[in-house]
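Here is a short briefing on one protein model. Look over the fold first, then the charges.

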Amino acid sequence: MQKPLAYALLLAATLGLAACDKASENKAEDAKESAQDARESVQDAQESMNEAAEENQKAARERAEAEQKRAEEMREDATTPAAPAAPATTNP
């Protein structure tokens, strides 16, 4: 009685494992999809890098403009005569 039950369980387990296995054509399809996903990820990463480079260029231009404006203000301050200082008074 125990042998037929063991054989039946073994047969059921074997059939169950065989039914879960993917066919080789399904694996090939999955590989193609994975390759496509990888290409899309690379493209997304490249776009992100390009956007970051553009932002860095914009920030560099803005820094250069701010520095130029500061330099012009410094020159203007240097050419503008300073107001005379008020005489110091002492309280006795």
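The points below cover the fold, the surface and the charged side chains.

This is a predicted model: local features need pLDDT of at least 70, side-chain atom pairs count only at pLDDT 80 or more, and totals for chains, interfaces and linings use all residues. Residues are numbered from 1 along each chain as its sequence is written, and side-chain values use heavy atoms, without hydrogens and water.

**Fold and surface**
- The protein has two helices and zero strands (DSSP runs: H or I of at least four residues for helices, E of at least two for strands, numbered from the N terminus).
- Of the 92 residues, 0% are buried (under 20% relative accessible area; exposed is over 50%, partly exposed in between, with a 1.4 Å probe and protein chains only).

**Negative patch**
- E29, E33, D37, E40, D44, E47, E51, E54 and E55 gather in a surface patch of negative charge (residues with over 30% relative accessible area and no salt bridge, like charges joined within 9 Å).
- Asp and Glu count as negative, and the place of a charge is CG of Asp or CD of Glu.
- E51 sits in helix α2, residues 24–79.
- E51 is partly exposed, at 48% relative accessibility.

**Salt bridge**
- The structure holds one salt bridge (a side-chain nitrogen of Lys or Arg within 4 Å of a carboxyl oxygen of Asp or Glu).
- E67 pairs with R70, and their closest N and O atoms are 2.7 Å apart.
- Both E67 and R70 lie in helix α2, three residues apart, about one turn of the helix.
- E67 is partly exposed at 46% relative accessible area, and R70 is partly exposed at 47%.

How values were computed. Patch = residues over 30% accessible without salt bridge, like charges linked within 9 Å, V, L, I, M, F, W, Y side chains within 5 Å. Areas by Shrake-Rupley, 256 points an atom, 1.4 Å probe, with all protein chains shown as cover.
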